[in-house]
Amino acid sequence: MSQRITYEDLKKQTNSLLEWHGMNNTELCFEKNCFSFKRNHINYDVDISVVGDEKVIKIQVDRPVPLERMYLYLCDIRRFEYLVDGAFYRMTKCKGDGSDITESIASFELGYFKSENHKHKIPLELSDKEYKHYFLKWLKLQSTLGIINQVALFASCVSGLTADLRIAMLSECFEALGKKLEKEHKITVYPEIPTARKVKCKNCQVEFDLSIPGKKTFMCYIIAFVETYGEIIFKTEYKRRRTLLRKIVKTRNMVFHVNAGQKQTLRGRHCGLYAIKLEWMLRYILLLELGFPKDRVDSALEKEIINFEAEFPQLIY
């Protein structure tokens, strides 16, 4: 029988071993990674294995720590693995020092962890040394992303959301991420073309042109991302990318401005495909931010995009 504990109990209870099991039956895999890291003088040994449709993650420490601490690292590992898998494994069992705590953990798990969607992978095979290197970098990057990554995960993984709402939420993440990367000089966002309007002087009644500088709009950020990072993901649509992106922006406006009369939005049959492509691009960017070699990520991703488009050619705009 599951040991029923609250989240407050979780903060106090100490354990030396957390063992988690998850299931995703959309694709069979066989993977294994083991690594160790140290935090606050505590050694954490992590063992991750995937056999068929089941993933098992074990975290062991050299002296007991609050169970919450191990659980939070478990969540970090699951979010890191999502960058490659493009889907989560739904928890089936969780144990703390051998005691079943599945029911308790399930009661406060975030919604996106409870999904078991089809995988849209960026299949990077990592050695144990690489896994540790990039995972520790992920801990730092994740903290700087804050709500951006959380919203993206809810948009992509929580069941029950319509495809147009997913697109709206994901595209909104790109504007926030764009402002962050722009400050770091990693992306160039060009403002709209300046305009002018006729005005009349109140005193002399003479008309003259008043220059209006172009602003950096939501559309400007989306264009910047696709032109900087999206050539592989949007290769088929690249020549007509601005037309496609205008439709994505208008779809976002329709949803977030609750405007049923918005024209030139993506049709329903296209929304699902482009929600997936936007999410793919976001993970691609985060992998590059972690320092993965671009040619390695490109090679892994390109094959997946080709297969994906071959499966759903009727949905490409």
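Helices α6 and α7 pack against each other in this predicted model. Helix α6 spans residues 163-183, and helix α7 spans residues 218-229. Their axes lie 9 Å apart and meet at an angle of about 75°. Angles of 65 to 115 degrees count as roughly perpendicular, and α6 and α7 are therefore roughly perpendicular to each other. On the α6 side, the contact is made by S171, E172, F174, E175, L177, G178, K179, L181 and E182. On the α7 side, F218, Y221, I222, F225 and Y229 take part. By residue class, the contact of α6 with α7 comprises eight nonpolar, two polar and four charged residues.

Helix α10 covers residues 294-311, 18 residues in total. From its first C-alpha to its last, α10 reaches 26 Å. This span is close to the 26 Å expected at 1.5 Å a residue. The buried residues of α10 are V297, D298, A300, L301, I305, F308 and E309. Helix α9, residues 268-289, is included in what covers them.

Helix α9 also holds E279. The relative accessibility of E279 is 6%. Buried means under 20%, so E279 counts as buried. Beyond residues up to four places away in sequence, E279 touches Y82, S156 and L170. E279 was also compared with C75: the two are 204 residues apart in sequence, and their C-alpha atoms are 19 Å apart in space.

C29 is in no disulfide, and the nearest cysteine sulfur, that of C157, is 16 Å away. C29 is buried, at 6% relative accessibility. For C173, the closest cysteine sulfur is likewise in C157. It lies 12 Å from the sulfur of C173, too far for a bond, because a disulfide requires sulfur atoms within 2.5 Å. C173 also counts as buried, with a relative accessibility of 4%.

H41 is found in the loop between β2 (29-39) and β3 (42-52). Its relative accessible area is 62%, and H41 is exposed. H185 is found in the loop between α6 and β7, the latter formed by residues 195-200. H185 is exposed as well, with a relative accessible area of 73%. Exposed means over 50%, so both H41 and H185 meet the cut-off.

For the protein overall, the secondary structure comes to ten helices and eight strands. The C-alpha atoms fill a box of roughly 85 × 50 × 40 Å, taken along the principal axes. The protein has 317 residues, and 48% of them count as buried. Contacts between residues at least 6 apart in sequence were also considered. Among these, 71% join residues at least 24 apart.

Technical notes:
Residues numbered from 1 in each chain as written. Predicted model: local features only at pLDDT ≥ 70, side-chain atom pairs only at ≥ 80, totals over all residues. Heavy atoms only, no water. Buried < 20%, exposed > 50% of the residue type's maximum accessible area, 1.4 Å probe, protein only. Axes fitted to C-alpha atoms, helices over the stretch in contact; angles between N-to-C directions. Helix = DSSP H or I, 4+ residues; strand = E, 2+ residues; numbered from the N terminus. Parallel < 35°, antiparallel > 145°, perpendicular 65-115°, else oblique. Contact = heavy atoms within 4.5 Å. Nonpolar A, V, L, I, M, F, W, Y, C, P; charged D, E, K, R; others polar. Expected span 1.5 Å × (residues − 1).
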